[in-house]
Amino acid sequence: MRPLDWIVLLGTLGFIVIYGIWKTRGSKDIEGYLKGDNSMKWWTIGLSIMATQASAITFLSTPGQAYEDGMRFVQFYFGLPIAMVIISITVIPIFYRLKVYTAYEFLENRFDLKTRSLAAVLFLIQRGLAAGITIYAPAIILSTMLGWSLTATIMVIGLVVIAYTMSGGTKAVSVTQKQQMAVMMGGMIIAGFMVVRYLPDNVSFVEAVAVAGKMGKMNVVDFSWDWKTSWNDRYNFWSGITGGLFLSLSYFGTDQSQVARYLGGKSIAESRLGLLFNGLLKIPMQFIILFIGVMVFVFYQFNQPPVFFNEGTKSKVYATAHADELRSLETKYNDIFKQKQQAVHGLVDALKTEDEAAIAAAQEQVNTYTLAGKQVREEVKGVIQKAVPDAETKDTDYVFISFIMKYLPTGLVGLLLAVILSAAMSSTASELNALASTSVIDIYKRSVQQDGSPIHYVKASKLFTAGWGFIAILFATYASLLDNLIQAVNIIGSIFYGTILGIFLVAFYLKRIKGNAVFYGAILAEAVVLYCYFFTDIAFLWFNVIGCVAVVIFGFILQALIGKKEKELVA
Amino acid sequence: MKNHPVDEEPPIEKPPFFKTWNGMYWLVLGNLAFTVVLFYIITKLYE
């Protein structure tokens, strides 16, 4: 990185953090600290919701996902706008009427203290682990590509986030997220313009999209359904509209890191508009990020891509006895690329003539070389596995950062790194803020110290923010000691998410089921999920559905039994 | 025991541009439908 990049990076991040601290200084009570004095306008809420969901991995992985798999990932978000409408209609008025600070507080009003505490503890375990990963995941990629120390990267992200989240609470999180979101979208759009500009002079934008289409990357929507195979297809219209709806309902309706964003609204109307703003803009935002990835793919049809995008892993292989094997595969890959490059130019020429036969012939030639290149990449991954058995052989997360570092001009590299670090900070800040508010409101204030002064609870919230922040840093620092950690945390999340969603589903829609039934039903449901995890081969994403459905079924059965017993006692 | 007093149902302001909230909800759902159709056209156009 050059000095100008450092100036842009530090200047952007420094301005956002200092502005956030200055703008939100001096919250004297818990209302101000955890709900931002209910002063947030809808655009702040909307941007804050979007920034919370957009972690650094969104900006690092999504373009790589499009590079590898095309645009179809956007279908994953089709259920989100429907979820925003459902939450606006049903959840927001209830939370406002009860004047809750956290989502779990509502559960005590609807059921009892033990159900509230159970949901809060499940959330704290799940989100506490996730906060570590939100810091670790971008830190490992940035440290590998930039040669930064992993521990220093983790410490810097973690400590800066702790500083402003601790200082200004919910308001600081939302205020900084507004600026962070502007940096993220501005940086990504500039990167998109740059990649189109770097295409060869004889290739127009329309032709670049056509090339992407002919190479199978413009696969935005897939309505097809096969009863045998489509269940395993993660991204099609049907899985997006149903699975995406359930996931969005649980994430935006029950996860405190999102609930806190709209609870800080000035009124029900502001909170609703904030959520609906997200419902309108989330899909276009994901489309833009994926489309940038597709344009990076087209760029690499005319410019030599590396055989493996993770340079750090490649260097490790070069230091082993397998170095020559890798070098020879690299040469083979480069030779195939030269032939493919000619074929892609042929495809562009054919597209200009609009001759269908010529287009089909050119397309077939391109596909042959693409397949040959893919085979070499698979061989490379095999060599990496032999040489460095612990190394991750999936390199899609490194595609976009590799492009940024190699091709973007000085200054823009700093801006794009600011985008990635802003995203890491915005989602971590929301997580720490949510962990602190749940710890204070649902556990400390409710069950430990009920008669503290407003200042006492603000101090407690600050301490919990710092405490969870240090746990996240510690977890992120030692994360590399665990195998396949991101998947491990996703599994842990799926183990708890379904049960939490089930409790809320019963709370909102099944009025007949009371506190004891849902509490013991949730414990039984969690036992079923744990059984599935330890003793079956069911894919972990299904745990969300199993946990949720099990809470409802057990709730019904237990309520019937308890109700019968109560009637007998009354008689 | 609850932490906060429960107030009356707060009045809900009208949304901008529409007379009722249903209009806003249909805008979001209509936008989703339009986006899906647009994406389908893009998919077919560049197949």
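Where chain A meets chain B, the contact (heavy atoms within 4.5 Å) draws in 43 residues from chain A and 28 residues from chain B. Keep in mind that this is a predicted model, where local features need pLDDT of at least 70 and side-chain atom pairs count only at pLDDT 80 or more, while totals for chains, interfaces and linings use all residues. Residues are numbered from 1 along each chain as its sequence is written, chains are lettered from A in the order in which they are written, and side-chain values use heavy atoms, with hydrogens and water left out.

Together the two chains bury about 3,300 Å², with 70% of that on carbon and sulfur atoms. Buried area here is the accessible area (1.4 Å probe) lost when two parts are put together, summed over both. On the chain A side, the elements giving two or more residues include helix H5 (80-98), helix H12 (268-302) and helix H17 (412-448) of chain A; helices are DSSP runs of H or I, at least four residues, numbered from the N terminus. That side divides into 27 nonpolar, seven polar and nine charged residues, with Asp, Glu, Lys and Arg counting as charged and Gly among the polar ones.

Now for chain B. UniProt, in an unreviewed entry, lists residues 23-42 of chain B as "transmembrane region", though such annotations may be inferred rather than shown by experiment. In the model this span is 100% helix, and its end C-alpha atoms lie 28 Å apart.

How confident is the predictor? Chain A averages a pLDDT (confidence in each residue, from 0 to 100) of 88, and 96% of its residues score at least 70.

Methods: pLDDT = per-residue confidence, 0-100.
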